[in-house]
Amino acid sequence: MITRRRCWQLLFMSIAMSVAPPAMARDDEGREVTRIFQQHCLSCHNDRDRAGGLSLTTGDALRAGGDSGDAIEVGDPGASLLMDLITPENGRADMPKEGPPLSRDQIAVIRRWIRTGAEWPEDVVLHPPTNVDLNVWSLQPLHRPAVPGVSAEKSEQSQGSTTAHPIDAFVLDKLRQHELTISQLANRRMLARRLFYDLTGLPPTPEELDEFESDPDPSAYERLVDRLLSSPRYGERWARHWLDVAHYADSHGFDKDQPRPHAWPYRDYVVRALNEDKSWSRFIEEQIAGDVLYPDTVDGIEALGFLAAGPWDLIGHVELPESKIDGKVARHLDRDNMVRNAVQSFTSLTVGCAQCHNHKFDPISQREYYQLQSVFAALDRADKLYDATPQTTVQRRELLARITEFESKRTALAEDSLAVLEIDAKLADFKKQLAELPPARRVYAGTVHYGSGNFSGVGPFGGNPREIYLLHRGDVTQPRELVIPGALSMVAGLSPVFDLPADHSEGDRRAALAKWLTHPDNSFTWRSIVNRVWQSHFGIGLVETPNDFGQMGSTPSHPELLDWLACEFRDGGQSLKTLHRLIVTSETYRQTSFVNANCDRVQRAHAIDADNRLLWRGNRRKLDAESIRDSVLAISGKLDLTMGGPGFEEFVIEKPEHSPQYRYDLHDVQDPRSHRRSIYRFTVRSQLQPFMNALDCADPSQQVARRNEGESPLQALTLLNNGLILAMSEYFAEKLQMEHASRAQDRPDQAAQPDGDELSDMVARAFLEVTSRRATENEIALLREYAAEHGLANLCRLLFNLNEFLFVD
Amino acid sequence: MGRRLSLCENSTRFATDSRREFLGRLGGGFGTLALASLLAQETNADDGAVHASQRNGLHFPPRAKRVVQLFMAGAASHLDLFDFKPELVRRHGEPADFGEHVEAFQDGLGPWKKPVWEFQPYGECGKLLSEVVADLGPCVDDIAFIHNMVGKSGVHSTATLLQATGFSLPGFPGMGCWISYGLGTENENLPTFVVLPDHRGFPSNGVKNWDAAFLPSEHSGTMVFPGRPNPISDLHPHPAGRFVTRDSDAAAHRMLAELNRQHAAVHPLDSRLESRIKTYELAARMQLAAPEALDITGEPQYILDMYGIQPEGTEWPTEINAAEERDCFGRKCLVARRLLERGVRFVQVWSGNDNSFPRRNWDSHEDLEQDHGPLALGMSRGAAALIRDLKQRGLLEDTIVFWTTEFGRMPSTQGGKGRDHNPFVFTNWLCGGGVKGGISYGPSDEWGYKPLDRNHFTQVYDVHATILRLLGIDHTQLTFRHNGIDRRLTDVHGHLIPELLS
């Protein structure tokens with residue numbers, strides 16, 4: 001109650017003060033008024049934006065007034081439009097447009113200033129406010145830092161290697177500044193489970209674990225790393241990380257969320273590109289302008305699925321023409337999505353924030369934003385045709401060219417001449433050859449669309465890009481000046497100008513953007529990708545905000561390491577696999593996540609850095625939705641490793657012809673077609689798969705740079721009761737029994753060991769498969785008792801709910 | 001906020017810190033504000049002083065604790081339900097002259113069209129209501145109508161998202177998610193935010209209207225289908241798990257608790273492990289609490305009648321009809337009341353599915369009387385029963401009932417018997433929870449085509465800001481950093497509407 005009374009006292013005091021504002025000299029008053037303008041008005045009423053035609057940058061500008069005439073009537077506040085607009089009624093005023101009304105004091109000062117002559121201090125010129133800080137770390141050019149020297153002490157249990165790993169050198173250097181060290185290395189079993197999940201998203205089998213644990217080769221770990229990186233499972237695992245960022249899905253989203261049956265070739269492209277370890281530049285170039293930079297390649301076309309990966313407003317495009325406002329809005333927002341996907345994914349810049357105004361915190365102008373929109377101004381999202389092989393592409397193009405050529409020859413000739421007959425024979429032959437080519441494939445991509453009706457695209461009109469205007473406040477009804485394609489000026493040492501000839505094609509624009517993105521001096525590109533990769537290995541990036549390297553993002557925990565990795569990656573072949581190898585062979589990565597809470601070192605480290613940003617221990621990671629689902633299938637012996645092709649459906653579609661309802665509850669969980677890896681799921685935007693959603697899978701409506709991780713009762717219910725878990729529990733139980741029977745047949749001596757019985761063996765095996773750890777005798781006894789009473793299937797269900805399954809040490 | 005356990009010798013502080021972290025992580029949704037409030041209470045208990053308790057850790061003293069949102073999918077006509085326009089009656093059939101070019105969603109606006117039904121005054125305030133919503137007559141003195149709502153687009157999907165999430169694009173949390181995030185739960189045994197979709201199908205954008213998007217997933221609206229064997233996804237074992245029995249399930253819970261505790265004991269300093277153990281206890285309690293909350297069979301007959309609920313298994317004609325609409329909407333409203341009573345923070349009830357034929361939504365392009373009639377009769381019965389029922393239980397004073405739709409409909413025909421989309425003006429209404437009753441705020445123009453004062457109108461941000469204010473939250477302060485931006489329900493907009501507060 002005391003506090004409450006104090007509040008009232010304070011309130012009274014402030015009211016009392018506002019009743020009698022202290023008198024001010026006239027010049028002070030003018031300065032005070034310009035300060036108010038600066039703070040509350042200048043973001044719109046400046047020389048550039050001139051909202052309502054009014055600028056408040058100088059006294060002359062103010063006296064010039066705006067679209068509604070004079071802003072002030074000198075000497076007569078009552079007749080001044082400005083006073084009408086800023087005086088609140090019922091707590092609301094017309095101006096300022098955003099935020100609360102001006103205070104009573106501020107209004108009183110302005111009124112008095114107008115009454116007494118409205119003299120603008122001569123030396124005052126106002127500028128639109130900016131929070132842009134050019135000292136932000138990410139704006140500094142990228143230089144390769146020297147690797148810190150490392151003394152002999154190293155980790156607590158140094159493995160005795162003579163040359164320090166560069167990553168460890170940077171990490172140890174930082175730890176030493178805080179008088180900390182790294183933890184001891186994880187044992188082989190812990191390490192293997194971590195590495196398998198990290199690189200492939202699947203658990204090791206007990207046999208793989210045994211083999212690695214007992215491998216006497218000192219380079220056994222490095223060999224395991226190489227083996228996993230060359231497994232096709234690697235591409236499937238890491239493609240998911242990229243598809244999260246690209247917000248890929250197999251349906252449009254929005255109203256009448258229609259399926260996209262030809263989206264999957266892009267998903268397959270990403271898996272393939274990662275498995276083939278394409279250079280990062282090429283990966284970028286193919287996704288932005290593969291058709292231009294790598295013509296006649298399958299990858300160059302399929303990669304363009306990236307530009308169309310996000311949602312699409314079918315109604316806004318198909319039921320509304322580009323001439324209507326809502327049709328304009330739909331197309332504007334569609335391009336906005338392409339810009340964000342293309343630029344934020346690769347550079348970690350929140351470029352979309354400059355859609356309605358200059359970026360509030362980063363040096364990105366609104367004009368630059370619209371220049372980026374104009375890069376994609378010819379595109380729509382639609383199926384693009386292509387051939388399965390480059391040879392067919394070339395054949396098809398040549399045949400089509402010949403047909404055109406001969407058809408035009410033919411028109412010049414008399415109808416019944418001999419030449420015409422010859423030409424007709426040729427034409428028939430070309431057409432026959434054309435028909436015999438393997439049918440063209442389709443990928444849903446960003447492409448020049450040749451449509452009709454409202455959704456015509458620019459194809460029918462010559463394929464030229466639409467004209468893009470800077471939109472005042474992002475409003476399609478307020479176009480300002482025409483813009484030309486270009487990039488961002490904020491990258492040190494890299495020109496944003498594309499320098500395209502006047503007769504350039506739309507593809508030239510995308511190629512220019514791709515070249516800008518992949519330029520060695522584009523520090524954002526190189527820092528962005530190494531940070532994303534680091535995050536996927538450690539759970540948290542060196543920069544904690546992987547999609548925002550601007551002022552509002554976080555600063556790097558290890559700036560020198562980030563730059564060193566970026567340079568190493570850029571200049572060392574841009575191979576992701578090399579980067580993975582570099583990271584996972586460091587002691588930093590191989591530390592144990594287990595800590596002894598009673599140990600002094602741990603207590604000190606925890607007190608300084610509970611979040612482990614300094615990397616004084618390994619991070620225990622919770623399995624993501626895909627890893628959980630894939631592991632459950634794999635452990636139960638049901639995982640179908642077929643790669644690629646159309647996504648498998650875990651729903652029944654009701655009313656497909658109009659507004660499809662994706663009924664997940666009607667899916668048959670035993671259907672083997674749905675027992676493939678999660679990367680091949682048919683992902684629906686408007687209705688997320690409930691099991692995956694409960695486990696925090698990515699929401700493809702937005703670019704997901706880092707997944708949420710939470711625990712809830714609904715998640716517990718999902719893992720206990722979902723049809724997939726229950727069906728797999730039963731299969732797992734069957735598998736255990738069958739394997740046990742066959743082992744007993746193969747090795748009758750072992751099956752008859754005196755200290756074990758059949759059930760205990762199966763329980764022990766099940767526990768090992770799920771957790772990669774041998775259960776203790778006590779645990780086996782407990783679990784055996786449960787299995788004896790409730791059966792193996794119930795036991796398997798229980799094991800899939802263990803924390804030890806869901807977390808990776 | 002500290003999300004990590006700190007090592008500290010003082011055992012009391014240790015307990016507080018671990019609880020802070022525990023509550024911060026816990027599903028069922030202890031959001032930041034609720035967390036602040038709980039911790040404030042705990043701290044108070046420790047040192048004997050009182051702080052912030054008047055505000056319960058919130059920005060303002062709360063007037064309401066919970067919200068029920070009634071969402072009319074497809075765009076309900078303000079003109080035929082709540083916003084009477086005598087000018088349309090006078091000019092019915094005359095060529096429509098809007099005084100400016102009108103960009104309609106579909107083409108071909110016809111003549112002015114009078115409301116399909118008669119209007120009559122109700123309550124002390126004398127509010128005029130259409131006969132198809134006459135059931136709401138006894139409630140109007142508790143209702144604040146807003147007749148100058150303005151949307152941003154006439155496209156169902158983006159407009160629905162705007163009203164449901166505050167953004168026109170998918171990928172933003174629903175209003176209930178934000179409130180769950182901000183206030184947390186009053187009952188750990190039930191989800192914080194429950195959605196009752198139309199059983200005939202989802203609205204435009206499906207779950208994107210109530211999905212947590214970038215907020216932690218426990219703030220997602222939990223869909224409840226009272227009729228289905230699993231009214232909440234995975235509440236009970238899927239039929240594939242015939243081997244799961246009551247005993248095996250109970251024993252599994254005991255075993256999991258034991259094994260997970262042993263695991264947590266040797267993996268210290270990781271409170272996620274403890275949180276997961278707790279979620280299994282909550283899950284088990286939810287399995288009991290949810291079916292009880294959804295079971296309306298114990299409700300007395302007069303309550304069932306009040307909501308217009310017919311006996312289970314009633315056969316319905318294939319054509320849309322009022323009795324069926326009353327039954328289906330009434331059931332959802334009654335379930336909503338039961339959930340609110342039990343501490344669910346936000347309940348969203350949908351009337352109408354996505355576009356489909358024959359229509360079971362409010363998108364009456366073809367024949368307004370045919371669709372709007374039964375839908376409105378059903379909606380008004382359920383909504384009125386819900387308001388009166390909450391009131392008689394003393395719950396209306398701290399429960400906000402919020403009626404909305406994605407946009408309105410045009411004052412002219414489309415040539416036939418229907419009306420086209422009107423994003424330029426439409427109606428919302430609020431009731432209970434500190435809302436000033438018996439008022440009509442912000443008139444539309446004489447045609448119900450645009451706001452009367454085109455420079456002053458109401459947007460969804462303003463309504464959201466006002467509702468958050470009634471819940472004790474400053475809408476500019478409830479934020480979540482995502483992809484570099486401090487996101488909020490009201491984006492960069494929103495003004496409190498003081499006229500709506502009692």
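What share of the contacts in chain B with a separation of 6 or more comes from residues 24 or more positions apart? In this predicted model, such residues account for 74% of those contacts.

## Chain B overall

Chain B contains eleven helices and 14 strands. Of its 502 residues, 58% are buried.

## Helix H11 of chain B

Helix H11 of chain B covers residues 460–470, and ten of its eleven residues are buried, so the helix is largely enclosed by the rest of the structure. The buried residues are B:Val460, B:Asp462, B:Val463, B:His464, B:Ala465, B:Thr466, B:Ile467, B:Leu468, B:Arg469 and B:Leu470.

The cover over these buried residues includes strands S1 (66–72), S4 (143–149), S8 (399–405) and S11 (426–431) of chain B, together with helices H4 and H5 (175–183) of that chain. Just after H11(B) comes B:Gly472, with a positive phi of about 95°.

## Contact between the chains

On the chain B side, 77 residues are in contact with 86 residues of chain A. Helix H4 (156–165), helix H6 (246–266) and helix H7 (271–294) of chain B are the elements that each give two or more residues to this side. By class, the chain B side has 33 nonpolar, 32 polar and twelve charged residues.

Phi of B:Leu269 is near 65°, a positive value in a residue other than glycine. B:Leu269 counts as buried because it has 20 C-beta neighbours inside 10 Å.

## Helices H7 and H8 of chain A

In chain A, helix H7 (residues 188–200) packs with helix H8 (residues 206–213) at an angle of about 130°, and the axes are 10 Å apart. The two helices are therefore oblique to each other. H7(A) passes H8(A) in a right-handed crossing.

From H7(A), the residues that meet H8(A) are A:Arg188, A:Arg189 and A:Ala192; their partners in H8(A) are A:Leu209, A:Phe212 and A:Glu213. By class, this contact has three nonpolar, no polar and three charged residues.

## Loop residues of chain A

The loop between helix H4 (81–86) and helix H5 (104–115) of chain A contains A:Pro96. A cis peptide bond, with omega about -5°, joins A:Met95 to A:Pro96.

A:Ala118 lies in the loop between H5 and helix H6 (166–177) of chain A. A:Ala118 is not a glycine, yet has a positive phi of about 50°. Because A:Ala118 has 22 C-beta neighbours inside 10 Å, it counts as buried.

## The surroundings of A:Gln574

A:Gln574 sits in the loop between helix H21 (559–571) and helix H22 (576–584) of chain A. Is A:Gln574 buried or exposed? A:Gln574 has 20 C-beta neighbours inside 10 Å, so it counts as buried.

Leaving aside residues up to four places away in sequence, A:Gln574 touches A:Ser279, A:Trp280, A:Ser281 and A:Phe569. A:Thr555 is 19 residues from A:Gln574 in sequence, and their C-alpha atoms are 24 Å apart.

## Confidence in chain A

The pLDDT of chain A averages 91, and 94% of the residues score at least 70. Over residues 1–23 of chain A, pLDDT stays under 50, and the model has six contacts beyond four places in sequence for them. Residues 151–162 of chain A also have a pLDDT below 50, with eleven contacts in the model beyond near neighbours in sequence. Where pLDDT is low, predicted coordinates should not be read in detail.

Conventions. Residues numbered from 1 in each chain as written. Chains lettered and ligands numbered in written order. Predicted model: local features only at pLDDT ≥ 70, side-chain atom pairs only at ≥ 80, totals over all residues. Contact = placed C-beta atoms within 7 Å. Helix = DSSP H or I, 4+ residues; strand = E, 2+ residues; numbered from the N terminus. Nonpolar A, V, L, I, M, F, W, Y, C, P; charged D, E, K, R; others polar. Buried ≥ 20, exposed ≤ 12 C-beta atoms within 10 Å, placed from the backbone. Axes fitted to C-alpha atoms, helices over the stretch in contact; angles between N-to-C directions. Parallel < 35°, antiparallel > 145°, perpendicular 65-115°, else oblique. Left-handed = near helix turned anticlockwise from the far one by under 90°. pLDDT = per-residue confidence, 0-100.
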